[in-house]
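Me: I have a structure open here and want a quick tour. Can you walk me through it?

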Amino acid sequence: MNVSNILFNALKHHRGYIHRELESITLDTLPERLKVLGNSQMDIYYGILDIPLLFEEVADRILDLGIYESGAYLTWLKNNGGYVEITLSDTSRWVLLPGTEPGRYVHLHPARYSPQSMRVKATVLKTALACLVVLGGSLPGLSALNQIRKEILGLSPVKDLDSCEHLWEVMRMLKAD
């Protein structure tokens with residue numbers, strides 16, 4: 001077991017990664033980048049552990065249990081109902097599942113409502129990312145927001161800005177340093 005065995009979708013689950021990626025995402029690359037977000041809900045970790053340290057802590061936890069290869073890992077998960085939740089040094093909680101790619105048998109994502117994470121619907125994250133790409137750090141007005149949702153994302157418009165508080169929270173979280 002080593003860090004290369006970890007399957008992790010950083011664009012769905014890691015604020016630091018998303019923050020860095022925003023610097024290179026353009027209107028042309030945005031649609032392709034958003035495909036990996038799907039249409040459900042996800043938890044985005046915004047804590048202090050950058051991806052290399054996160055992976056190192058996860059690998060260390062698994063190795064500390066004497067699990068060194070995929071067969072033992074998959075058996076461990078099976079014996080624990082198909083997944084295991086672990087807590088890392090910053091009190092964040094993470095779910096370990098079976099990986100779906102060859103050699104990457106540890107599928108990692110933040111636990112629901114874990115400390116240092118925010119639960120986000122895919123459409124809200126897509127909207128937040130599109131707004132940040134188009135407008136930088138500015139919060140859009142109703143007209144600009146609906147133009148982004150309709151023309152760039154193919155989503156329905158929102159009725160008013162009062163219903164967008166969660167979107168604003170997500171945008172602020174993603175832009176935070």
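Reply: Start with Gln116, which sits in the loop between β5 (104-110) and β6. Bear in mind that this is a predicted model.

Me: What is the phi of Gln116?

Reply: About 60°. That is a positive phi, and Gln116 is not a glycine.

Me: How exposed is Gln116?

Reply: Partly. Its relative accessible area is 24%. Buried would need under 20%, so Gln116 counts as partly exposed.

Me: Now Thr91. Where is it found?

Reply: In the loop between β3 (84-87) and β4 (93-101). Thr91 also has a positive phi, near 75°. It is partly exposed, at 45% relative accessible area.

Me: Switching to the sheet. What order do the strands take?

Reply: β1-β5-β4-β3. Those four strands form an open sheet with mixed pairing.

Me: Which strands stand at the edges?

Reply: β1 (6-7) and β3. Each has a single partner strand, so one side of each has no neighbour in the sheet.

Me: And β4 with β5, parallel or antiparallel?

Reply: Antiparallel, with six bridges joining them. Leu97 stands opposite His107 in β5.

Me: Which helices pack on the sheet?

Reply: Helix α4 (residues 51-64) does, touching β1, β3, β4 and β5. Its direction makes about 120° with that of β5. Helix α5 (residues 70-79) packs on the sheet too, touching β3, β4 and β5. The direction of α5 makes about 125° with that of β4.

Me: Next, the largest nonpolar core. How many residues?

Reply: 31. Leu125, Leu129, Leu167, Val170 and Leu174 touch the most other members. The elements that each supply at least two residues include α3 (30-34), β2 (41-45), α7 (142-152) and α8 (165-175). The largest share, eight residues, comes from α6.

Me: Which residues of α8 are buried?

Reply: Leu167, Trp168, Val170, Met171, Met173 and Leu174.

Me: What covers them?

Reply: The cover includes α2 (15-21), β2, β6, α6 and α7.

Definitions and conventions. Residues numbered from 1 in each chain as written. Predicted model: local features only at pLDDT ≥ 70, side-chain atom pairs only at ≥ 80, totals over all residues. Heavy atoms only, no water. Core = buried A, V, L, I, M, F, W, Y, C linked by side-chain atoms within 4.5 Å. Buried < 20%, exposed > 50% of the residue type's maximum accessible area, 1.4 Å probe, protein only. Contact = heavy atoms within 4.5 Å. Pairing = 2+ DSSP bridges. Axes fitted to C-alpha atoms, helices over the stretch in contact; angles between N-to-C directions.
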